[in-house]
Amino acid sequence: MKARLDLLATVDEGVTESEIFRLALQHSVAELGGLGGTVHLRGPMSALRLVSSTGLPPRLVRPWEIIDQEGPTAPARALREGGAGGGTGAGVWVPTGRDGSWPGTGLAAVPVSGPERPVGALTLVMGEQGRPTDAQWAFLRAVVAWAEERMGQAPPPARVRTPGEESGGRQLRQALKAVQVGTWDWDIQSGELAWDDAAMDIYGTDPADFLHSIESWLKVVHPDDLPWTLAAVQRSIRDRVVFEAEYRVRRPGGGYVWTQARGRVVLDDRGEPVRMVGRAWDSNESPAARDALGRALRYMSDGFLAVDEDWRITFVNLAAERTLGSSEAELVGRVLWKLPSVHGVPDLEARCRKAAAAGRPAGFDVRVPDIAPPPEGDPTPGAGTEPHGTQAPGTGPAAEDVPAPADGRSYHLRLVPVPDGVTLYFTDVTERRRREAEQAATERATAERSARIAELTTALAGATSSRDVVDAVARGVLTPFGAAGLMVLAVEGGSGRLSYIGSVGYGREFVDAIIGSSPERGGPIWEAILTSSPVFLSSADAFMARYPGMRERPAEGGKRAWAFLPLTASDHTFGICVLAFDRPRPFPDGDRTLLTAISALVAHALERARLYDAEHTRSRELQRVLLPHTLPDVPACTAAARYLPAGQGMDVGGDWYDVIPLSAGQVALVIGDVMGHGLSEAATMGRVRTAVHTLAALELPPDEIMSHLNDIVGALGEDSFVTCLYALYDSTTRVCSFARAGHPPPAVVHPDGTVHFPDLAPDPPLGAGEPPFETVELTIPEEGLLVLYTDGLVEAEGREIDEGMTALADLLRGADTSPTADLDQLCDTLTAGLLPADQRTPDDAALLVARVHALAADHMASWPLPSRPQAAGEARKHVREQLAAWGLDDLAMTTELLASELVGNVVRHAKGPVRLRLLRSAELVCEVGDGSLTTPRIRRASATDEGGRGLQLITALSQRWGTRYTATGKCIWTEQALPGTEAYRAGHGAGGGADFALGEDFGSLGDFVTGEL
């Protein structure tokens, strides 16, 4: 190790920093047996720039050319954790697995320090020997100390200049810099860097690859020039002095060229540096090139002048002399704002001073008035002079060859701040601005047309029905084109006649007359349809000249110009779109092309909409058939319902409701929702609704009905789910039994206006649940309301179902829910409040409101009966007495026979306790209950059978009969029409008596009954 350090000590002073880093790396890698190494130096902001590497392939080194000094890499950690001066900072060891896909066992890094702080890091990629020993760390720090000492002795790279490069006056140098200047603006705090186009060229950077950060500059500076250039930047920021440097930058081809840069620091309100602005220029050119550029500057067609920090003119070219109306001798040294030609330019001084104070290049247009011609004999470039011509001063064309600016000509002024003043460029842009204005007007017209097409396309894409298409055309075409009328007609397939789709600005009588026209009569409509080509008529005279047989048509329609646009889709013309104008109008080619394109869009949208209309009509008809047409009139309740389909464009849904009359003053209230939309869901709704009716007619309890429905829905497939709420209300007890399968709970409204939602068990939807389903019983106050609904009523976009239920309760509290309130009006109030007509509804909604009634106590009578044959006689006695009390003597005989047969069946085939009940409601109900679950079944008895005729007798004597299961057994019930009702008259003839006869099959009511009779 000592031998290597002694060898490094023999290196001559004055070697370049790149050579210093190369020697330090080579000896460090050789001594420690490493695989390779790198040296990074600190740049502006948080960047570390790679300045030297050895032994490593480019693929590994490339990602480390610029790294974040705050990052986790080994060089960055060494820089942060190292001490200042003398290379005494501790080393950093990073195993390879933690520092990227490097070879070897790890990375060893030691900081490289400057006079005040660490300025970089030396990093070795170690081989199989692993982490350096203490002696090896000491050797690395000694090598870095040697490099730090020699860095301070290394001179900046010098270049040999020719004597001509240092000659020339201040004005020419300023002018040359202005011509070739590239401006830059660096935000010291954020690191953001801005270059103009000239700077991009000078630094050989493609704008597409420019990163807008200081790293873009670090990448192009020669590694040997970077240390002292960075030092100059830091010194400028620290001491608030002008930054000046000349260094080499890399070109895209790999070579380097010399550039110069000069800049100044911009301070904030507190005096702290926030930005550096400046210029850069190529300093590789020869004296001959400088002379050529100087001549080009002098004779270029654009005006150019340079001013110092006091706005005194230091250089002016011939074009600027011409614009300012004075010679160079008269202008140089004068303050720009005191020139007479500048006074007439409004706000020029304020705008220039503001741009200069901002320290950034700025450009704007100014209006310059007429000025005096330049002095006679002053050479002025000719019209054909190239901007980079090589004429010597005084040898250019005569001044009269350059046209003088007219009064009020427009100039574009570009102001570029430089460290010792400002440069200004101004170009006559009068003709350019005129052309731009014309082009802008053309582009605006094109953009307006494109916007019309885009808006119409969007509207047509969202149109679902034919009416929507007509409305979209009316909005997107009538106003932009100034049209006064629109008519859209279709050709009926097979009939060859026109059918009406929609119109605007035409009376229906006129439209009907057009629809009644035939192809044989001709006219512009049929010509456009039959030829599939548009017809444009610019005036009524043009109409009558082309169609003399229809001279009356323009006066009838009240229009003066027309565009007849055939609607063609899939190579088939199926309709016509007529645009009409209330005054003559020419149709230039642009309008014709646009209207033809619009007709194609309308055709495709209308073809799709007509298919939707047909499908939608079929779907709605199916859904209408599947829903109840009217609600039955039952004594137990008064009901009203609403069904609201989803918003326009949605498929039909599966919401439904039902009111199902049952026996003995009972009624079932049902509401449900098949999840999803479409014909399949509507068909499922019809199947489930039919099943509910069938199961309800069997008088099964609500939980059993739900279990059967769950099996039915489950058999439809895995994707079928149905929510359902089944409520069974008994008007004799005012008890309502609820079973719920994934459905929102009902709202119960008391006569005093109190609203609450019962706490019902939330069983899963049908098709997803498992029996048993829970049943909850509630006593409903007389004349109270039950409000059943689907989630589409309370759940909407931006409103959760809980919020919707709260809103429903608020509406019910504020509405008239008294016993005399109109339920239809209440339904309208609820639907309007929850689903306003102007809002698109995403789901179907169903609503069922029922006011429940209680059967009066004096309309009910009940008696217990003994379980013996004599019970039939007691039953007939109770029936006879009760019907006499109710004034229903006409029904006494029939009812006695029914009661005797029912009681006889119970005594013979069932078990007690036996109970007889009579209910007087819309019908007379006779019930006999027992403790057996045996179901009576009607059968056909032969002539020799002793029994089997009882249920046939019951069927003949009653309107309807059935069996209902109770908590203690079952009851068999019969219904008879009351005297005076239409049903009674239909069943008993004009005389009103009991019109039936017992044949020999009914010769006996049973052995046990015969004795009682």
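Which helix holds both Asp-512 and Arg-508, and how many residues apart are they? Both sit in helix H17 (residues 508-515), four residues apart, or about one turn of the helix; helices here are DSSP runs of at least four residues (H or I) and strands of at least two (E), numbered from the N terminus.

A quick note on the source: this is a predicted model, where local features need pLDDT of at least 70, side-chain atom pairs count only at pLDDT 80 or more, and totals for chains, interfaces and linings use all residues. Residues are numbered from 1 along each chain as its sequence is written, and side-chain values use heavy atoms, with hydrogens and water left out.

Now the salt bridges (a side-chain nitrogen of Lys or Arg within 4 Å of a carboxyl oxygen of Asp or Glu). The count comes to 36, and here are some of them.

| Pair | N to O distance |
|---|---|
| Arg-248 and Asp-225 | 2.8 Å |
| Asp-512 and Arg-508 | 3.0 Å |
| Arg-546 and Glu-527 | 2.7 Å |

The Arg-546 and Glu-527 pair links distant parts of the chain, helix H19 (residues 540-546) and helix H18 (residues 524-531), 19 residues apart. As for cover, buried means under 20% relative accessible area, exposed over 50%, and partly exposed in between (1.4 Å probe, protein chains only). Arg-248 and Asp-225 are both buried, while Asp-512 is partly exposed at 41% and Arg-508 is partly exposed at 45%.

Then there's Val-692, in helix H22 (residues 679-697) and buried at 0%. Leaving out residues up to four places away in sequence, Val-692 touches Trp-656, Ile-660, Val-670, Leu-709 and Tyr-726, with contact meaning heavy atoms within 4.5 Å.
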